[in-house]
Amino acid sequence: MIPAKTCSYDCVYCESGRTTHLTIGRETYVSPEIVLEELTDYFGQYPQGADVITFSSAGEPTLYEPLGDLILAVKRLYPSLPLVVLTNGSLLWNDAVRSSLLLADRVVPSLDAATEEVFARVNAPHPLLELPAVLEGLKAFRMDYHGQFHLEVLLVSAYNDHPQHLGEL
């Protein structure tokens, strides 16, 4: 759904490497029909080929503007499969992003920092992203969302693993 390394962060720990397109702009990078065709082809070949459908990326899946429509379509086509979204949580301050995730069965946002300094060092966010907005977005989403919510915290030695910072997290 998202071109490789299109993200709102450039995290020091990213297994996919450096972010090449740092953005907070949501777009339709590929049509939802293409994604649905690929899923249909896959399940045509492997009818029992999954226990869950997960939206993640070598980038940030909530940058995909028609995410809510795609989630709805996938839930209609494959109602027996739980749908999970792995997100860095950076765009949850946006009402449209929060709304697009409401039909997912499980949402797993990340939170790696409790201070602006650590946020800048660990996540290297887009310049328009500020930690208070990210935190408020996480809280707002949790209030609206009734599915499974699992907050992921990744600790990076000498970056965000100091006892004082852990206490703040």
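Reader: Which residue in β5 does L86 stand opposite?

Author: L86 stands opposite V108 in β5. Before going further, please keep in mind that this is a predicted model, in which local features need pLDDT of at least 70 and side-chain atom pairs count only at pLDDT 80 or more, while totals for chains, interfaces and linings use all residues. Residues are numbered from 1 along each chain as its sequence is written, and side-chain values use heavy atoms, with hydrogens and water left out.

The names of the elements come from DSSP runs, numbered from the N terminus, with helices (H or I) having at least four residues and strands (E) at least two. Two strands are said to pair if DSSP finds at least two bridges between them. Strands of a sheet pair through backbone hydrogen bonds, in either a parallel or an antiparallel way.

Here the sheet is open and has 4 strands in the order β3-β4-β5-β6, with parallel pairing. Its edge strands, each pairing on one side only, are β3 (53–55) and β6 (148–149). Strand β5, residues 106–109, runs parallel to β6 and is joined to β6 by 2 bridges; across this pairing V107 stands opposite F149, and R106 stands opposite Q148. Helix α2 (residues 67–77) packs on the sheet, where α2 touches β3 and β4 (83–87), and the direction of α2 makes about 175° with that of β3. Such touching, or contact, means heavy atoms within 4.5 Å, and the angle is taken between N-to-C directions on a scale from 0 to 180 degrees, using axes fitted to C-alpha atoms, for helices over the stretch in contact.

Strand β4 is largely enclosed by the rest of the structure, because 4 of its 5 residues are buried. Buried stands for under 20% relative accessible area, exposed for over 50% and partly exposed for what lies in between, using a 1.4 Å probe and protein chains only. On one side, β4 is joined to β3 by 3 bridges, and these two strands run parallel, with T54 standing opposite V84 in β4. The chain passes from β3 through α2 to β4 in a right-handed β-α-β crossover. Right-handed describes a path that, with the strands pointing away from the viewer, runs clockwise from the first strand over the helix to the second.

Strand β4 also runs parallel to β5, and 4 bridges join the two; besides the pair you asked about, V85 stands opposite V107 in β5. Between these strands the chain crosses through helix α3 (residues 95–100), and this β-α-β crossover from β4 to β5 is right-handed.
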